[in-house]
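Open the model in your viewer and keep the selection panel at hand.

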Amino acid sequence: MRIGVLTGGGDCPGLNAAIRAVVRRGVKEFGDEFTGFRDGWHGPLERDTMPLDLETVHGILPLGGTILGSSRTNPLKVEDGIARIRENLAALGLDALIALGGEDTLGVALALHEAGVPVVGVPKTIDNDLSGTDYTFGFDTAVGIATEAADRLRTTAESHHRALVCEVMGRHAGWIALHSGMASGADVVLIPEKPFDLDEVTAHVEARFRAGHAPVLVVSEGARPVEGSLELQTGERDAFGHVRLGGIGERLAAELERRTGREARCVVLGHLQRGGTPTAFDRVLATRFGLHAIEAVHAGDHGTMVALRGTDIVRVGLAEAVGTLKTVPLERYAEAEVFFG
Ligand code: F6P
């Protein structure tokens, strides 16, 4: 078969491991030929391709980023975008497409499937907010980076008797904050799913200082206070309509300093969480997803996404995967709350 491969949306560690697995199994077991599309949906829209063979994927397993490039290009916002992609795939003689992405990228994959294009999805995102799969690759790496950062912030916070706010990614889902906060023993964890009460947060910080310790707070970029007074939005939106968030950590630190009279600083981890080499867990998960994605293509199981259920890789419908965002259940947040203050 001739198969196109693309990576869309925010990049994440493990993409190259997945691409390598798709190509290695496809070539060796099925005799496939591959075409790489550059920069997400831009590639098939503009017929911007690159070679993708055994030589191209040699040595990429531990590399962060994606050799194919990525973008947030949204064909659903481009006139006749879906039809153009279908025509371009036919003109390139491709029999199927494998799309590696999060909710947005796989939403486009679903539209293509509905338009009759044979497509299989592979879930990736550091946010871990894709439904249908227990985990996405990239998440474990991001959590590891955020946990190490919070650990490091704790020692310097203790030395200077100040509060430190660590802002992590997660616009709509607080998985990174929840896991890195629990792993680092954060004194407060704030997530988008549960608007926070500033008085309660202040009380936790004061309690920590009273006990002779320096508080560390792990905060999702999408966290917001109950009354909505502290959220900062830039007003900008990306091609998928997401508001660009920023500043909740800084605002919170300033407010805590004003309220407690104790010094408070903020560190925004930002894209550090997405860069660099994947953890062993993410390499294995991405590799297994890649191996199973090529199998799904050959089984003719189009319109599906490979997914992790327990320790098994299964296939779920793309519609199930992109229908609703997988957010943090409040009972999971309650587990973290035990350690606040
Ligand atoms: O979706 C992954 C993600 O890293 C989010 O956690 C974050 O809010 C967003 O992408 C940032 O996007 P960009 O790199 O386009 O600013």
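Select the shell around the ligand: 2 of its residues are nonpolar, 2 polar and 5 charged. In this count, Ala, Val, Leu, Ile, Met, Phe, Trp, Tyr, Cys and Pro are nonpolar, Asp, Glu, Lys and Arg are charged, and the others, Gly among them, are polar. The model is predicted: local features need pLDDT of at least 70, side-chain atom pairs count only at pLDDT 80 or more, and totals for chains, interfaces and linings use all residues. Residue numbers run from 1 along each chain as its sequence is written, and side-chain values use heavy atoms, with hydrogens and water left out.

Now pick the shell by number. It consists of Arg-72, Ile-126, Asp-127, Met-169, Gly-170, Arg-171, Glu-221, His-271 and Arg-274.

Color by domain next. Domain 1 (2–138 + 278–323) and domain 2 (140–275) each supply at least three residues to the shell. The domain bounds come from an automatic or database assignment.

Which side chains place a polar atom by a ligand oxygen? Show Asp-127: a polar side-chain atom lies 2.6 Å from a ligand oxygen. Show Arg-274: here the distance from a polar side-chain atom to a ligand oxygen is 2.8 Å. For Arg-171, a side-chain N or O atom is 3.3 Å from an oxygen of the ligand. The cut-off for a polar contact is 3.5 Å between N or O atoms; within protein, one must be able to donate a hydrogen and the other to accept it, and residues adjacent in sequence count only if both atoms are side-chain atoms.

Strands pair if DSSP finds at least two bridges between them.

Trace the open, mixed sheet of 7 strands: S3-S2-S1-S4-S5-S12-S13. Zoom to S4 (residues 96–101) and S5 (residues 119–123): they run parallel, joined by 5 bridges. Select Ala-99; its bridge partner in S5 is Gly-121.

Move to the open sheet of 4 strands, ordered S7-S8-S6-S11 with parallel pairing. Strands S7 (188–190) and S11 (264–268) form the edges. S7 pairs with S8 (residues 216–220) over 3 bridges, in the parallel sense. Finish on Val-188, whose bridge partner in S8 is Leu-217.

Terms used. Near = heavy atom within 4 Å. Helix = DSSP H or I, 4+ residues; strand = E, 2+ residues; numbered from the N terminus.
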